[in-house]
Amino acid sequence: MILDYKKAKEKLLTELDTNCQQFFVKNGYILENAYFELLSDNIGKAKNLFDAIKENDIRAHWASFMISMIEGNIREYPSYFELRNFLEIDLNILINYFKGDYVEKIIRYSDFMFTINPEVHKFIGRVFYNKGYNEQGMYFLERAKSYFYHDPELHYLLAYIYYKDNNFENTEKALNDCLRILPEYYPAVNLLKKVKKQTK
């Protein structure tokens, strides 16, 4: 029996345990219960729960919008900060739960979400790359570069990926792009020193 919120929330991130849901319901954790329903493929129930609290809960407002993308029926927009704070986290959760169909439907709206937050393609690319989907990750990161070039973090991220692949030429190019935008960006300065040592 789960009696602790922190343990219940941590468990929800790894597996669907009915004890978790009972804990959320009994203690009035509507948001967490809604995510349980979403991950259980009970989209209608999840949406109703998110909608019930979305006026006072920014995460619920975002999740309600996320479901509207999954359903292909957008009626309202997320905020810049909702995309910044929750898109990457929730795509990661959905991939952990093998909800590839949901992820695919959400990323179809990447260009639309970009109009609200220009970092969206970077967020998506980073999730894919970190989950081992390197080709898809690089596709979105390159797309991010073509849409929002003046993002030093993006160039550093690309440089780090090239560095891990021992592609030092592209690493150095990406780092120089980063440092042209933000000359004192410490992670880039540091990595460039490493690259120069290894290519002497």
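**Pocket lining**

I started with the lining of the largest pocket and asked which helix gives the most to it. The answer is α3, with four residues. I am working on a predicted model here. Next I listed the elements that give two or more residues to this lining: α1 (5-12), α3 (30-39) and α6 (80-96).

I then wrote down the lining residues by name. They are Tyr5, Lys9, Leu12, Leu13, Leu31, Glu32, Tyr35, Leu39, Arg59, Ile89 and Ile93. I sorted the lining by class and got eight nonpolar, no polar and three charged residues. I also looked up the volume of the largest pocket, which is about 200 Å³.

**Helices α5 and α7**

I moved on to a helix pair. How do the axes of α5 and α7 cross? Helix α5 covers residues 58-71 and helix α7 covers residues 100-107. Their axes come within 8 Å and cross at roughly 95°. An angle of 65 to 115 degrees counts as roughly perpendicular, so I noted α5 as roughly perpendicular to α7.

I checked which side chains make this contact. From α5 I have Met66, Met69 and Ile70. From α7 I have Tyr102, Lys105 and Ile106. By class, the contact of α5 with α7 holds five nonpolar residues, no polar ones and one charged.

**Methionine 113**

I picked methionine 113 next and found it in helix α8 (residues 110-114). Is methionine 113 buried or exposed? Its relative accessibility is 0%, so I count methionine 113 as buried. The cut-off for buried is under 20%.

I looked up what methionine 113 touches, leaving out residues up to four places away in sequence. The list reads Phe65, Met69, Leu83, Leu87, Ile106 and Val120. I had already met Met69 and Ile106 in the contact between α5 and α7. I also took one C-alpha to C-alpha distance, from methionine 113 to lysine 145. The two are 16 Å apart in space and 32 residues apart in sequence.

**Two positive phi values**

I then turned to backbone angles. Phenylalanine 98 is not a glycine, yet its phi is positive, about 60°. I placed phenylalanine 98 in the loop between α6 and α7. Phenylalanine 98 has a relative accessible area of 76%, so I logged it as exposed.

Where does asparagine 166 sit? I found it in the loop between α11 (152-164) and α12 (168-181). With a relative accessible area of 55%, asparagine 166 is exposed. Exposed starts over 50%.

**Whole chain**

I finished with the overall figures. I counted 13 helices and zero strands in the protein chain. The C-alpha atoms fill a box of roughly 65 × 40 × 30 Å along the principal axes.

How much of the protein chain counts as buried? Of its 200 residues, 46% do.

Definitions and conventions: Residues are numbered from 1 along each chain as its sequence is written. This is a predicted model: local features need pLDDT of at least 70, side-chain atom pairs count only at pLDDT 80 or more; totals for chains, interfaces and linings use all residues. Side-chain values use heavy atoms; hydrogens and water are left out. On a 1 Å grid over the protein atoms alone, a cavity is a set of points where a 1.4 Å probe fits but cannot get out, and a pocket is an open set with protein on both sides within 12 Å along at least five of seven lines; lining residues have an atom within 4 Å of a point. Grid points are joined across faces, edges and corners, and a volume is the space filled by probe spheres set on the points. Ala, Val, Leu, Ile, Met, Phe, Trp, Tyr, Cys and Pro count as nonpolar, Asp, Glu, Lys and Arg as charged, and the others, Gly among them, as polar. Axes are lines fitted to C-alpha atoms, for helices over the stretch in contact, and angles run from 0 to 180 degrees between N-to-C directions. Angles under 35 degrees count as roughly parallel, over 145 as roughly antiparallel, 65 to 115 as roughly perpendicular and the rest as oblique. Contact means heavy atoms within 4.5 Å. Buried means under 20% relative accessible area, exposed over 50%, partly exposed in between (1.4 Å probe, protein chains only).
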